[in-house]
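The sequence and the model are shown first, and the description follows.

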Amino acid sequence: MPSSDVVICAAGGGKTTKIVADALADPTQRVAILTYTDNNVRGIRECIVDQNRVPAAHIEVLSWFTFLLREMTRPYQNVLYSERVRGIHWVAGRSDPYATADKVGRYYFGNGDLVYSDKIARFACECEIASKGMVFARLRERFDRIYIDEIQDMAGYDLELLEAMMRAGVNLSLVGDHRQPTFRTNYAGKNRGYGGYKIIKKFREWQKKKLCSLDYQLHTHRCNQEITDFADALYPAEPKTTSKNLIRTGHDGVFLISMPDVAAYIAKYQPQILRYDKNSDCAGFDAMNFGISKGMTFDRVLIFPTKIMGKWLNTGVDSHIDGSRAKTYVAVTRARYSVTFVHAKNAVLPGITPYKQTRRAPARAVAKPAQLDMS
């Protein structure tokens, strides 16, 4: 059996809690937990304290780029480059497209001692080759297992590096949900065919090569079954998810509401208002962007859809949601009990009910404050 594994967890499945529980289980094991964003780093550290009461000495929690710089680049950089790598040169797109890899200083570095963020993973791969395996040998000595949370964020040469690590016997546990690719570590041209949702193809290739096992955790503790079924319909080819949230509040599921009823609805249920981005028309109500809401949990959400999302609600034509599918999945799966779209027309999508005003409020009318659960 391969020593590495990939675990796909549905939204609200408790993946971060599981990672931390596994890492805490054996304090004799030296463990690293890696993730892309600083918010996730903080969330994992808080989860460790919640479960363990104190920080765990055998666990290091690092951002992906801190790990690449500290553990993969600096220890053996001299096999390729004599000047000390001081830090990372952040690029929003692709760095120096005209440079060639044989010109190490220009290709990998900006300002001489800052390695480009879209090329640091490739630099680590080249250091491993040039040092004849010393980079990964050191890594095996440092850590008994390395967990990577939000694996769907990885892109470009990150995927080459991870495959090389598995081949070298570095024990990896990669956890995430390819249906929620709201961020990516870089925009390098390498592995373009595995970006976003399509990263699942890479996982299946690794499984076929017997480099890792691939498993799904098909449950959510957050969303009720109506919301879960609606979210699953956004990715019909994926395995179906079972909800473990059996609480009924009297207002449960997925709804449509007309604009004239929105103010009364907000006053009654206190939902978190979500929008695609700052350009979305939310009728003057304060709202949070879909992407920012990732990792959060609310009792109820109220979604102001974009015009193209409105066409999707009207027609059910799948192509209308293509450009916003992942973020829509994130937005829908933030809610425990109800998701409501502000949309004047009837929807043909299954699982959506027109909202009707009732005189008597449900037992749980007021949502709890937002909770960052890192699921």
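## Helix 3 against helix 5

The axes used here are lines fitted to C-alpha atoms, for helices over the stretch in contact, and angles run from 0 to 180 degrees between N-to-C directions. The model itself is predicted. In these terms, the axes of helix 3 and helix 5 approach within 10 Å and cross at roughly 20°. Angles under 35 degrees count as roughly parallel, and helix 3 and helix 5 are therefore roughly parallel to each other. The crossing in which helix 3 passes helix 5 is left-handed.

On the side of helix 3, the contact is made by F65, L68, L69, M72 and T73, which meet I120, A121, F123 and A124 in helix 5. Sorted by class, the contact of helix 3 with helix 5 comprises eight nonpolar residues, one polar residue and no charged residues.

## Helix 3 against helix 6

Helix 3 (residues 64-73) also packs with helix 6 (residues 134-142), at an angle of about 110° and with the axes 10 Å apart. This angle makes helix 3 roughly perpendicular to helix 6. Helix 3 contributes F67, R70, E71 and M72 to the contact, while helix 6 contributes V135, F136, R138, L139 and R142. The residues of the contact of helix 3 with helix 6 divide into five nonpolar, no polar and four charged.

## Helix 7 against helix 8

What is the relation between helix 7 and helix 8? The axes of helix 7 (residues 157-167) and helix 8 (residues 199-208) come within 12 Å and cross at roughly 20°. Helix 7 and helix 8 are therefore roughly parallel to each other, and their crossing is right-handed.

In helix 7, the residues L159, E160, L162, E163 and M166 meet I199, K202 and W206 of helix 8. The contact of helix 7 with helix 8 has five nonpolar residues, three charged residues and no polar residues.

Strands of a sheet pair through backbone hydrogen bonds, either parallel or antiparallel. Six strands form an open sheet in the order 3-2-7-8-1-9, and the pairing is parallel. Its edge strands are strand 3 (59-63) and strand 9 (212-217), each of which pairs on one side only. From one strand to the next, the twist averages 15°.

Within this sheet, strand 2 (residues 31-35) pairs with strand 7 (residues 145-149) in the parallel sense over four bridges. V31 stands opposite R145 in strand 7. Helix 1 (residues 15-25) packs on the sheet and touches strand 1 (4-9), strand 2, strand 3, strand 7, strand 8 (172-176) and strand 9. The direction of helix 1 makes about 170° with that of strand 7.

Strand 5 is joined by two bridges to strand 6 (residues 114-116), and the two strands run antiparallel. F109 stands opposite V115 in strand 6.

## Aromatic pairs

How many aromatic pairs does the structure hold? The structure holds 17 aromatic pairs. In one of them, the rings of Y108 and F123 have their centres 5.2 Å apart and their planes at 70°, so the pair is edge-to-face. Y108 lies in helix 4 (residues 104-108) and F123 in helix 5 (residues 120-130), and the pair links distant parts of the chain, 15 residues apart.

Note on methods: Residues numbered from 1 in each chain as written. Predicted model: local features only at pLDDT ≥ 70, side-chain atom pairs only at ≥ 80, totals over all residues. Heavy atoms only, no water. Pairing = 2+ DSSP bridges. Parallel < 35°, antiparallel > 145°, perpendicular 65-115°, else oblique. Left-handed = near helix turned anticlockwise from the far one by under 90°. Contact = heavy atoms within 4.5 Å. Nonpolar A, V, L, I, M, F, W, Y, C, P; charged D, E, K, R; others polar. Phe/Tyr/Trp six-rings, centres within 6.5 Å; stacked < 30°, edge-to-face > 60°.
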